[in-house]
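Subject: Handover of a structure and the findings

Dear colleague,

Please find the sequence and the structure below.

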Amino acid sequence: MGADSWQEFLQGDEAAFSKLYCGYFNELFAYGLKIGFDEEVCKDAIQDVFYKIFISRKQLTYIRNIESYLLHCLKNRLFDIYNVESKINYINYNDILLENENSVVEKIIEKETELLLKDKIKQSMSILPPKQRKIIYFHYRLNLSFDEIAALLEMKPDAVKKSAYRALQKMKANRQLKISLFSFFLSFF
């Protein structure tokens with residue numbers, strides 16, 4: 001649905017835009033609620049995201065993963081709203097601590113390790129069927145419960161749990177992830 005509707009929308013089809021909006025609204029709304037925003041703020045932010053997409057469609061190009069793009073846009077919009085509401089206009093320089101060279105080096109090493117592990121996770125996720133990949137993404141990345149995922153994907157919660165379990169087993173059997181990587185994956189996401 002997403003890629004075809006996106007292409008049609010870029011070519012000027014307003015009905016395709018409506019399909020995108022209706023097709024992704026519930027997922028975006030659930031994500032906004034999950035990260036701690038109230039219903040009205042989430043609805044407003046989703047409207048803002050789609051409005052901005054609509055008015056700037058001539059500058060937009062093909063997007064491989066529309067779902068990820070929309071979630072990213074929504075997250076940015078929600079945090080923009082939060083920053084405006086919080087009126088973060090002032091920085092207390094006394095609260096800023098200078099880091100010593102060791103902590104900077106440690107952070108660089110941690111970041112490189114994190115990137116390497118994320119790459120391994122992506123490789124392991126690539127062997128999963130799309131539905132299992134989506135369940136893993138929703139559960140570990142967006143922190144949605146199995147019941148919430150079941151509602152989004154129109155499945156039974158038990159089926160979602162089984163699918164998540166099977167996905168993790170496939171990833172483990174693929175030997176691209178080790179036990180330490182699984183614990184990182186579960187704690188990081």
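In this predicted model, the side chains of lysine 34 and glutamate 148 are joined by a polar contact of 3.4 Å. A polar contact is a pair of N or O atoms within 3.5 Å; within protein, one atom must be able to donate a hydrogen and the other to accept it, and residues adjacent in sequence count only if both atoms are side-chain atoms. Lysine 34 lies in helix α2; helices (H or I, at least four residues) and strands (E, at least two) are DSSP runs, numbered from the N terminus. Leaving out residues up to four places away in sequence, lysine 34 touches Leu142, Asn143, Leu144, Ser145 and Glu148, where contact means heavy atoms within 4.5 Å. Between lysine 34 and serine 145 there are 111 residues of separation along the chain, yet their C-alpha atoms are separated by 9.7 Å. Lysine 34 is partly exposed because its relative accessible area is 32%; buried means under 20% relative accessible area, exposed over 50%, and partly exposed in between (1.4 Å probe, protein chains only).

Two conventions apply throughout. Residues are numbered from 1 along each chain as its sequence is written, and side-chain values use heavy atoms, with hydrogens and water left out. As this is a predicted model, local features need pLDDT of at least 70 and side-chain atom pairs count only at pLDDT 80 or more, while totals for chains, interfaces and linings use all residues.

Helix α2

Helix α2 covers residues 14–34, which is 21 residues. From its first C-alpha to its last it reaches 30 Å, close to the 30 Å expected at 1.5 Å a residue; the expected span is 1.5 Å times one less than the number of residues. At phenylalanine 25, α2 bends by about 45 degrees, the bend being the angle between axes fitted to the seven residues ending there and the seven starting there. At the start of α2, a side-chain oxygen of aspartate 13 comes to within 2.9 Å of the backbone nitrogen of alanine 15. The buried residues of α2 include Phe17, Leu20, Tyr24, Phe25 and Leu28. Glycine 36 follows the helix and has a positive phi, near 105 degrees.

Two residues with positive phi

Most residues other than glycine have a negative phi. Asparagine 143, in the loop between α6 and α7, has a positive phi near 60 degrees. Its relative accessibility is 44%, so asparagine 143 counts as partly exposed. Glutamate 154, in the loop between α7 and α8, has a positive phi of about 55 degrees. With a relative accessible area of 76%, glutamate 154 is exposed.

Which residues of α8 are buried? They are Val160, Ser163, Ala164, Ala167, Leu168 and Met171. These residues are on the same side of α8 because they cover an arc of only 135 degrees around the axis; the arc is that of the directions from the helix axis to the C-beta atoms. On the other side of α8, Asp158, Lys162, Tyr165 and Ala173 are exposed.

Glutamine 132 lies in helix α6 (residues 130–141) and is buried, at 9% relative accessible area. Beyond residues up to four places away in sequence, glutamine 132 touches Ser163, Arg166, Ala167 and Lys170.

Leucine 153 belongs to helix α7 and is buried, at 17% relative accessible area. Apart from neighbours within four places in sequence, leucine 153 is in contact with Lys134, Ile135 and Phe138. Leucine 153 and isoleucine 135 are 18 residues apart in sequence and 8.7 Å apart in space, C-alpha to C-alpha.

The protein as a whole

The protein has 9 helices and 0 strands. Of its 189 residues, 33% are buried. Among contacts between residues at least 6 apart in sequence, 65% join residues at least 24 apart.

The average pLDDT, which is the predictor's confidence in each residue from 0 to 100, is 78 for the protein, and 80% of the residues score at least 70. Confidence is highest in helix α3 (residues 39–55), at a mean of 92, and lowest in helix α9 (residues 179–188), at 51. Over residues 91–102, pLDDT stays under 50, and the model has 3 contacts there beyond four places in sequence.

Yours sincerely
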